[in-house]
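Reader: I have a new structure to read. Can you take me through it feature by feature?

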Amino acid sequence: MAEGSDARAWEELIPDALGLIFRNLPLQEILTVIPRVCKSWSRVVLGPYCWQEIDIDEWSQHCKPEQLDKMLHMLIDRSCGSFRRLSVSGLHTESMFTLIADHAGSLQRLELPRSEMNDAIVKLVAPRLCNLTYLDVSYCSKIGACAIEANMSGQQENVAAPKLNERILSSLSKRSVDVHPWHDLETSKEAPLCSMW
Amino acid sequence: MAKMIKLVSGDGAEFEVEEEVAFQSKIIKDIVADADDVIPLPTVSSKVLIQVIEYCRKHAAVNSFPLSPSSSAAAAASSSSSISYSKPVSDPALRAWDNEFVKLNNSSLFDIVIAANYLDIEELVDLVLETVADRIKGKQAQEIRRQFNIENDFTPEEEEALRRENSWAFQNN
C-alpha cells in the first residue's frame, strides 16, 4: 500500500459512503456547498444515497408553500423512491400527501407535524404506506378520532388503514414512552378517543 | 485461555488478537466460521490495522461487559428498530473514547474508513463518516477542497451555475 503521499482520493470514495457523510450536514450545505466541491460529489447529491432519509422539518417551517412543493418533488425524485424516512412540517395540499404516498415503497418513518392532514386524506393515503412503522402527526389539528375509528369499524372499503394503526400501536410497545409523539394529541381536545393516542 | 486469531497486514506484519476483538469485524467472523484462524488482509497496512484493532479491542471490552443496564438496554432497543440511526453508542465514556480516537488527520481517517468498510465494522465506519461530516460542516467549497486535497474539476461557468441552482430554497434566510 502506498503510504508516501498524504493525499487521499476523497472525491472517489464510494457514493454510499459519501452519501452517509453528507446526510449529516445541514440542508443548505448539502444543496448549495457540497455540489460545488467537485463533480463526483455533485453527482452524489443528485442521487439516492444522500436522500435515504429526507429531513426538511426545520427548513419547511420557514419556507413558502411553493418552495415546499418544489423541494419535496426534487428530493423525492433524487431518492428514486428509496427514502425510508421523511420529516416535513406544514404540508397543506392533498397533492403533497399523494406525492409522498405514491413513492412510499420504502418509507418506514413518517413525521408530519403541523400538517393540514385531515381525515379524508388519511383514508386516502394510509393504504399505500405499507411499510410504515412510525408515524408522527403531532399538532395536526384536523385529524380526529373518526379517521381511525371509522376505518376500524370495517364500514369503509379500504382495510389497510386499520392495519396501519395496528402496526403503529404495536410498534409503540417496543419504544419507550418518552420518544413517541402522542403526548401532544393526548392534551388536545381533538385527541382521538383511542387510549393509545 | 481466550482463542486467538492471527491477522496479517498487507506489508506482512502479524497481529494476534483475541477472538472477540477480531469478531468486531463481521467479515473476519464469517471467515473464522470456516475454520481459518490466520487471516490475510492484503489491502490493509499495518499502521491502519493497529488502529482498527485498538478500536475493536475497546469496543469488544465494552460490548462484553456493559457498564450499566441502561446502556445495554439502549443497545438492544436500537438493534431491534428497522432503521439504524446514527450515534448507536449510548455509553458516554465510550463516546468520549471514540472522540479521542478520531483525532487523526484526514488521510488516516480515510484509510481507516476504507479498512473498516472492507472488514465490515459498521460502528467504526459510522464513527469516521460522522467525524468527516463534522469537519466539512460550515465550510465553503474552496476550504473543503483544500482540506481534503480535492481538485476543482468545474469550469468557472459551471461553478457559477451550481451556485445559483438551489439558491431559490434559501433566499428567505
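**Reading the model**

Author: Start with one residue: Asp120(B) is partly exposed, because its relative accessible area is 29%. Here buried means under 20% relative accessible area, exposed over 50%, and partly exposed in between (1.4 Å probe, protein chains only). Asp120(B) sits in the loop between α6 and α7 of chain B. Helices (H or I, at least four residues) and strands (E, at least two) are DSSP runs, numbered from the N terminus.

Reader: What is the phi of Asp120(B)?

Author: Most residues other than glycine have a negative phi. Asp120(B) is not a glycine, yet has a positive phi of about 60 degrees. Cys80(A) also has a positive phi, near 55 degrees. Cys80(A) lies in the loop between α5 (65-78) and β2 of chain A. At 59% relative accessibility, Cys80(A) counts as exposed.

Reader: What kind of model is this, and how are residues and chains labelled?

Author: This is a predicted model, in which local features need pLDDT of at least 70, side-chain atom pairs count only at pLDDT 80 or more, and totals for chains, interfaces and linings use all residues. Residues are numbered from 1 along each chain as its sequence is written, chains are lettered from A and ligands numbered from 1 in the order in which they are written, and side-chain values use heavy atoms, with hydrogens and water left out.

Reader: Where in chain B is confidence lowest, and where is it highest?

Author: pLDDT is the predictor's confidence in each residue, from 0 to 100. Where pLDDT is low, the predicted coordinates should not be read in detail. Chain B averages 84, and 82% of its residues score at least 70. Confidence in chain B is lowest in helix α4 (residues 69-80), with a mean of 46. It is highest in strand β2 (residues 14-18) of chain B, at 94. Over residues 68-87 of chain B, pLDDT stays under 50. The model scores ipTM 0.71 and pTM 0.70.

Reader: How many helices and strands does chain A have?

Author: Chain A has 10 helices and four strands. Along the sequence, the pattern is α-α-α-β-α-α-β-α-β-α-β-α-α-α. Of the 197 residues of chain A, 52% count as buried.

Reader: Which residues are in contact with Ser87(A), leaving aside its neighbours within four places in sequence?

Author: Contact means heavy atoms within 4.5 Å. By that rule Ser87(A) touches Ile54(A), Asp55(A), Ile56(A), Asp57(A) and Glu111(A). Ser87(A) lies in strand β2 (residues 85-87) of chain A. At 2% relative accessibility, Ser87(A) counts as buried.

Reader: How far apart are the closest N and O atoms of Arg164(B) and Glu160(B)?

Author: They are 3.6 Å apart, in a salt bridge. Arg164(B) and Glu160(B) are four residues apart in helix α9 of chain B, so about one helical turn separates them. Arg164(B) is exposed, with a relative accessible area of 53%. Glu160(B) counts as partly exposed, at 34%. Elsewhere, salt bridges that share partners join Glu53(A), Asp55(A), Arg84(A), Arg85(A), Arg109(A) and Glu111(A) into one network.

Reader: How much area do chain B and chain A bury between them?

Author: The size of an interface is often given as the accessible area lost when the parts come together. Buried area is that accessible area (1.4 Å probe), summed over both parts. Chain B and chain A bury about 4200 Å², 61% of it on carbon and sulfur atoms. In the interface, 46 residues of chain B are in contact with 47 residues of chain A.

Reader: Which salt bridges cross between the chains?

Author: The count between chain B and chain A is two. Arg36(A) meets Glu159(B) at 3.9 Å, N to O. Lys39(A) pairs with Glu158(B), the closest N and O atoms also being 3.9 Å apart. That pair runs from helix α3 (residues 39-46) of chain A to helix α9 of chain B.

Note on methods. Buried area = accessible area lost by both parts, 1.4 Å probe. Salt bridge = Lys/Arg side-chain N within 4 Å of Asp/Glu carboxyl O.
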